[in-house]
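Let's take a friendly walk through this protein. Please have the sequence and the 3D view open beside you.

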Amino acid sequence: RHTAKTILIATGSRPVRPEIPGADLGISSDEALDLPYVPKRVLVVGGGYIAVEFAGIWRAVGADVTMAIRGDNVLRGFDVDVRECVTEGLTKRGVHVLRETVVRSIEKCEGGLSVRLAGGEMLETDVVLFATGRTPNSENLGLENVGVRVDKLGAIEVNSSSQTSVPNIYA
């Protein structure tokens, strides 16, 4: 039990991996910078800002980069002009953007990793980076016992001052 005049909850988040066969063969942004080598071929799954950042980093150091995005453009939720400009910039730099593409499975193969896409196509790569979102580390804190509200994903609800539903608790 802990008491204080003011409490700050800052537990961070963790990557979300899709529930597909072979997902454990992929990495997340947490492991991406710890690779002991620059991969020759990378498949980035996702189109958010983390996916865009890593696609750009790996392409800049010479990797052949492919992005598999579910939608028609990267950075869903951003202004349409920004999305189009970023996608065009990635393409001009040599990033292959596969639009409306879903990864169904990953397997080890002689040349690295074999990735099956929703349409049945196969893609061979050295590394699969899942940049498919993050989930809050808010479970098992007892937040429900003190009245701190969380949303359906477990994110702590706060106002514009980062104050939770309990006036002296911030997140």
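## Ground rules

This is a predicted model, in which local features need pLDDT of at least 70 and side-chain atom pairs count only at pLDDT 80 or more, while totals for chains, interfaces and linings use all residues. Residues are numbered from 1 along each chain as its sequence is written, and side-chain values use heavy atoms, with hydrogens and water left out.

## Overall make-up

The protein has four helices and 12 strands. Helices here are DSSP runs of H or I with at least four residues, strands are runs of E with at least two, and both are numbered from the N terminus. The C-alpha trace spans about 55 × 35 × 30 Å along its principal axes.

Of the 171 residues, 35% are buried. Buried means under 20% relative accessible area, exposed means over 50%, and partly exposed is in between, using a 1.4 Å probe and protein chains only. A contact means heavy atoms within 4.5 Å. Among contacts with a separation of 6 or more, 52% are between residues 24 or more positions apart.

## Two pockets

Rolling a probe the size of a water molecule over the atoms shows where empty space is left. The search uses a 1 Å grid over the protein atoms alone; a pocket is an open set of points where a 1.4 Å probe fits, with protein on both sides within 12 Å along at least five of seven lines, and lining residues have an atom within 4 Å of a point. Grid points are joined across faces, edges and corners, and a volume is the space filled by probe spheres set on the points. For the linings, Ala, Val, Leu, Ile, Met, Phe, Trp, Tyr, Cys and Pro count as nonpolar, Asp, Glu, Lys and Arg as charged, and the others, Gly among them, as polar.

The largest pocket has a volume of about 780 Å³. It is lined by 32 residues, and G46, G47, R70, A131 and T132 lie nearest its centre. This lining divides into 17 nonpolar, 10 polar and five charged residues, and helix 2 provides the largest share of it, three residues. The second largest pocket has a volume of about 370 Å³. It is lined by 13 residues, of which H2, I7, L141, V146 and I169 are the closest to its centre.

A pair of aromatic rings is described by the distance of the centres and the angle of the planes. Rings of Phe, Tyr and Trp (its six-membered ring) pair if their centres lie within 6.5 Å; planes under 30 degrees apart are stacked, over 60 edge-to-face, and the rest tilted. By this rule there is one aromatic pair. It joins F54 and W58, which are tilted, at 5.7 Å centre to centre with 50° between the planes.

The two residues sit four apart in helix 2 (residues 49–60), so about one helical turn separates them. F54 counts as buried because its relative accessibility is 8%, and W58 counts as buried at 6%.

T125, in strand 9 (residues 122–125), is buried with a relative accessible area of 2%. Its side chain reaches the backbone nitrogen of L43 at 3.4 Å. Beyond neighbours within four places in sequence, T125 is in contact with R41, V42, L43, G111, G112, L113 and V115.

S138 lies in the loop between strand 11 (134–136) and helix 4 (143–146) and is buried at 12% relative accessibility. A polar atom of the S138 side chain lies 2.4 Å from the backbone oxygen of G154. Not counting residues up to four places away in sequence, S138 touches T11, L143, G154 and I156.

## Exposed spots

Most residues other than glycine have a negative phi, and most peptide bonds are trans. E100, which is not a glycine, has a positive phi of about 50°. E100 is placed in the loop between strand 6 (96–98) and strand 7 (103–109), and is exposed at 61% relative accessibility. N140 also has a positive phi, near 60°; N140 is exposed, with a relative accessible area of 79%.

How values were computed. A polar contact is a pair of N or O atoms within 3.5 Å; within protein, one must be able to donate a hydrogen and the other to accept it, and residues adjacent in sequence count only if both atoms are side-chain atoms.
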